[in-house]
Amino acid sequence: MRPTCREFQFENIETLATGFSPNFDSVVQQLSAGHLGRGASVALPGMALYRVCHHATIRFQEWPTMEGLAFWAALDAKRPLRWRSLSLERPELMLQQGREYYDYILPAGCSGFLIEIDSDLRRELGWNQPVSLPLGIREQQVRRLGRTVLEAIALCQSPGPSALGAAFAGLIRDRVLVVLRETLEGDRAHRVAASPLDRSYAVVRAAEFLVAQLPPEAPVVIPELAAALELSERTLQRAFLSWAGVGPRRYFAIRRLHAFRRRLFDVRPGRGAVSEAAARSGFHNRGRLARDYRELFGESPGQTVRGR
């Protein structure tokens with residue numbers, strides 16, 4: 001059959017974590033308000049292509065479950081992409097493989113593409129790419145590859161005779177492979193456009209570890225957190241703003257709202273479900289909770305319970 005294009009909307013963080021690609025186990029955290037985004041995907045022989053646009057700032061912590069390869073790039077971002085301890089200033093082609101841990105933030109308004117190659121096609125091609133993130137490809141080459149992926153998806157969206165079937169899918173796949181090979185074998189003359197942010201990322205991860213030891217209802221007291229990390233409050237503030245784009249107070253307030261949302265999926269539906277989840281999450285001001293929750297997720301806690 002002729003390959004078909006699947007259009008999708010990321011209605012909430014649950015669909016974003018589970019409905020994009022089946023080849024990743026992901027923990028998703030929404031860091032800014034707004035609709036999460038939209039995209040499209042096409043399945044080809046041994047390959048899947050994706051395009052995506054994010055309207056909100058999203059943090060991904062993920063582990064690929066595939067034995068193949070995944071190449072992706074974020075384009076047109078209004079602020080640098082945070083990749084672990086790096087701040088990527090220009091579009092970079094990234095490589096992901098199984099059994100590796102990835103932690104990154106996609107800023108609001110960025111678009112991008114993803115190419116997944118399964119293990120059979122990887123062996124057929126003889127590709128054994130070393131894990132090297134990012135790959136240091138020229139921006140012009142990355143954008144050319146992105147245009148090729150978007151053109152391939154658009155071809156599958158357009159109507160055409162189904163009799164072309166597998167031959168059509170194979171032609172599209174081979175075109176993408178040709179450009180991908182040329183991209184990987186091309187001149188990597190520029191160094192990765194990244195400034196080291198090792199300290200900022202390390203501070204954020206250390207702070208997350210300490211806060212994880214607290215009871216769910218315990219407030220995060222920023223002066224105490226800074227003292228425990230042997231940092232000044234100003235240094236702690238700068239580290240979070242540098243890596244996550246928000247200060248530590250706002251960052252942990254967002255994480256707490258995410259924990260409350262997860263509890264909404266666990267409580268028994270009915271009267272008192274929201275109150276039970278709020279009490280278990282340490283929220284006592286229901287009015288403020290409802291306001292902050294709707295601002296971040298675009299719906300009330302009750303709507304989340306009813307719509308799950």
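Which residues in H8 meet residues in H10?

**Figure 1. Helix H8 against helix H10.** Arg250, Ile254, Leu257, His258, Phe260, Arg261 and Leu264 supply the H8 side. On the H10 side are Leu289, Asp292, Tyr293, Glu295, Leu296 and Phe297. Contact here means heavy atoms within 4.5 Å. The model is predicted: local features need pLDDT of at least 70, side-chain atom pairs count only at pLDDT 80 or more, and totals for chains, interfaces and linings use all residues. Residues are numbered from 1 along each chain as its sequence is written, and side-chain values use heavy atoms, with hydrogens and water left out. The two helices pack at an angle of about 95°, and their axes are 11 Å apart. That makes H8 roughly perpendicular to H10 (angles under 35 degrees count as roughly parallel, over 145 as roughly antiparallel, 65 to 115 as roughly perpendicular and the rest as oblique). Axes are lines fitted to C-alpha atoms, for helices over the stretch in contact, and angles run from 0 to 180 degrees between N-to-C directions. By class, the contact of H8 with H10 has eight nonpolar, one polar and four charged residues. Ala, Val, Leu, Ile, Met, Phe, Trp, Tyr, Cys and Pro count as nonpolar; Asp, Glu, Lys and Arg as charged; the others, Gly among them, as polar.

**Figure 2. The whole protein, for orientation.** Eleven helices and twelve strands make up the count for the protein. Helices (H or I, at least four residues) and strands (E, at least two) are DSSP runs, numbered from the N terminus. Of the 308 residues, 49% count as buried. Buried means under 20% relative accessible area, exposed over 50%, partly exposed in between (1.4 Å probe, protein chains only). Take the contacts with a separation of 6 or more: 77% of them join residues 24 or more positions apart.

**Figure 3. Helix H7 against helix H8.** H7 spans residues 233-243 and H8 spans residues 248-264. They pack at an angle of about 60°, with axes 8 Å apart. H7 is therefore oblique to H8. Leu236, Gln237 and Phe240 in H7 meet Pro248, Tyr251 and Phe252 in H8. This contact of H7 with H8 has five nonpolar residues, one polar and no charged.

**Figure 4. The two sides of H7.** Leu236, Ala239, Phe240, Ser242 and Trp243 are buried in H7. Seen down the axis of H7, these buried residues fall within an arc of 165°, so they line one face of the helix. The arc is that of the directions from the helix axis to the C-beta atoms. Arg234 and Arg238 are exposed on the face turned away from the buried side of H7. Gly245 follows H7 and has a positive phi, near 85°.

Figure 5. H3 covers residues 139-157, which is 19 residues. Its first and last C-alpha atoms are 27 Å apart, close to the 27 Å expected at 1.5 Å a residue. The expected span is 1.5 Å times one less than the number of residues. Gln141, Val142, Leu145, Gly146, Thr148, Val149, Ala152, Ile153 and Cys156 are the buried residues of H3. Viewed down the axis of H3, they fall within an arc of 155°, so they line one face of the helix.

Figure 6. In H9, the residues Ala273, Val274, Ala277 and Ala278 are buried. They cover an arc of only 130° around the axis, which puts them on the same side of H9. H8, H10 and helix H11 (301-307) are included in what covers these buried residues. Ser281 sits in the loop between H9 (273-280) and H10 (286-297). Ser281 is buried, at a relative accessible area of 3%. Not counting residues up to four places away in sequence, Ser281 touches Pro216, Glu217, Arg256, Ala259, Phe260 and Arg263. Ser281 and Arg262 are 19 residues apart along the chain, with 10.0 Å between their C-alpha atoms. Gly282 follows H9, and its phi is positive, near 85°.

**Figure 7. His54 in strand S4.** His54 belongs to S4 (residues 47-54). His54 is buried, with a relative accessible area of 4%. Setting aside residues up to four places away in sequence, His54 touches Phe10, Leu16, Leu36, Gly37, Phe60, Leu106, Pro107, Ala108, Gly109 and Cys110.

**Figure 8. Ala77 in a loop between strands.** Ala77 lies between strand S6 (69-75) and strand S7 (81-83). Ala77 is partly exposed, at a relative accessible area of 35%. Apart from neighbours within four places in sequence, Ala77 is in contact with Pro107 and Cys110. Ala77 and Arg90 are 13 residues apart in sequence and 8.5 Å apart in space, C-alpha to C-alpha.
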